[in-house]
Amino acid sequence: MTAYLIKNVSVVGAAPTDLLIRDGVVAEAGVGLTAPGATVLDATGLVALPGLVDLHTHLREPGREDAETVESGSRAAALGGYTAVCAMANTSPVADTAGVVEQVWRLGREAGLVDVQPIGAVTVGLAGERLAELGAMADSAARVRIFSDDGHCVADPKLMRRALEYVKAFDGVIAQHAEEPRLTEGAQMHEGEVSTRLGLTGWPAVAEEAIIARDVLLAEHVGSRLHICHVSTAGSVAVLRHAKARGVKVSAEVTPHHLLLTDEKAATYDPVYKVNPPLRTAADVTALRAALAEGVIDIIATDHAPHAVEDKECEWAYARPGMLGLETALSIALDVLGPQWDLIAERMSRAPARIAGLDGHGVDPAPGVPANLTLVDPAARRVIEPAELASRSRNTPYARMTLPGRIVATFLRGEPTVLDGKAVK
């Protein structure tokens, strides 16, 4: 294994230092280090962060390899500064058995670009009718600890309670896609002034908020861990703030696109802006940003949702919801939060690693720590060109936007997956 000496790097925004990576760990840290035989990387002006961790990634394999594979999604993740991603269960077949989650886990290991941690389905086939094999998935080689029917809400309160009770036995987490389906039938975008103007059926904020309110009460009653996916409204923030003040074991995520874009984008009728939950109002964006800074929202998660061309380049009503996110998430965080490196490290690495129980990830670079880290050039600015993305899909809402920051290198247990901004494998 090659040793690497990273010179003059700022670790999470601190004063410049050197890092020696050897045998998969950070062996030494300090000014003026030397290491004969080590490959030297001049990191002057760069910031070292713990490798980013995404709690919400769609890798599409098995079933939709035309949109993404575990390998292509892993490469996109590494280029985005990630060392671990949690792969959602809405594949084909659905990841609702030990066999399927182990398949995804092994594909991740074979790719070797990031640690791929499968998320298991809560219900069989995501149908919301009976619990999937939660225990078998937890005991499998993949060691699943997060379960979600993302893309579908676990709408039945009795079933949701049973799921929360079941995973409590092994400290698991139920990650809820909060959407009351009876309030969103036929919905095309956020319900509000813009949807009225455009004549599109609206997706009301209360459809999200009602499920979150119900589920925090269930989690409090059971004493189990609940995670809320892609929070998008100011009302949801208020519910979460109240729940956390009472000590409910609830965590929450926000996506980069909900931190930056608003429902006004739907006025273009460009399906790249169609997403679930939909883009909301400027007031919601302001509330989400404040909640992220405050800690009411714990993490940024990409909800990376690649789609094949035919599923996006069509009429708005027929387009699949979802956007790419892995290769642009850190740039959006920098754009929204500025160079608050400790906050970015907490929201994009430490906290998601804690929620998912990913040992060795989400730890700031220091002697003895596994060398899962990324080097960022905060002064760089780049134009997002869809054709240059590593994903098999091209549905990015940031096409031709100029965004701050550039991932220069990513290391997974001491081995580079990205060097000089390019994937090693």
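These legends accompany several close-up views of a predicted model.

Local features shown here need pLDDT of at least 70 and side-chain atom pairs count only at pLDDT 80 or more, while totals for chains, interfaces and linings use all residues. Residues are numbered from 1 along each chain as its sequence is written, and side-chain values use heavy atoms, with hydrogens and water left out.

Helices (H or I, at least four residues) and strands (E, at least two) are DSSP runs, numbered from the N terminus. Axes are lines fitted to C-alpha atoms, for helices over the stretch in contact, and angles run from 0 to 180 degrees between N-to-C directions. Angles under 35 degrees count as roughly parallel, over 145 as roughly antiparallel, 65 to 115 as roughly perpendicular and the rest as oblique. The crossing of helix 1 and helix 2 is right-handed (the near helix is turned clockwise from the far one by less than a right angle). Look for Val70, Glu71 and Ser74 on helix 1, and for Val104, Leu107, Gly108 and Ala111 on helix 2, which together make the contact (heavy atoms within 4.5 Å). By class, this contact of helix 1 with helix 2 has four nonpolar, two polar and one charged residues. In this scheme Ala, Val, Leu, Ile, Met, Phe, Trp, Tyr, Cys and Pro are nonpolar, Asp, Glu, Lys and Arg are charged, and the others, Gly among them, are polar.

**View B. Helix 6 and helix 7 run roughly parallel to each other.**
The axes of helix 6 (residues 205-222) and helix 7 (residues 234-245) cross at roughly 10 degrees and come within 9 Å. Helix 6 contributes Glu208, Glu209, Ile212, Ala213 and Val216 to the contact, and helix 7 contributes Gly235, Ser236, Val239, Leu240 and Ala243. Six of the residues in the contact of helix 6 with helix 7 are nonpolar, two are polar and two are charged.

**View C. Cys86 is in no disulfide.**
The structure holds zero disulfides (a disulfide being a pair of cysteine sulfur atoms within 2.5 Å). For Cys86, the nearest cysteine sulfur belongs to Cys229 and is 11 Å away. Cys86 is buried, with a relative accessible area of 0%, whereas Cys314 is partly exposed at 28%. Buried means under 20% relative accessible area, exposed over 50%, and partly exposed in between (1.4 Å probe, protein chains only).

**View D. Gly112 sits in the loop between helix 2 and strand 8 (115-118).**
Gly112 is partly exposed, at 23% relative accessibility. Setting aside neighbours within four places in sequence, Gly112 is in contact with Leu412, Thr417 and Lys425.

Pro93 belongs to the loop between strand 7 (82-87) and helix 2.

**View F. Arg143 and His230 have positive phi.**
Although not a glycine, Arg143 has a phi of about 50 degrees. Arg143 lies in the loop between helix 3 (134-139) and strand 9 (146-147), and is partly exposed at 45% relative accessible area. His230, also not a glycine, has a phi of about 25 degrees. Its loop runs between strand 13 (225-228) and helix 7, and at 2% relative accessibility His230 counts as buried.
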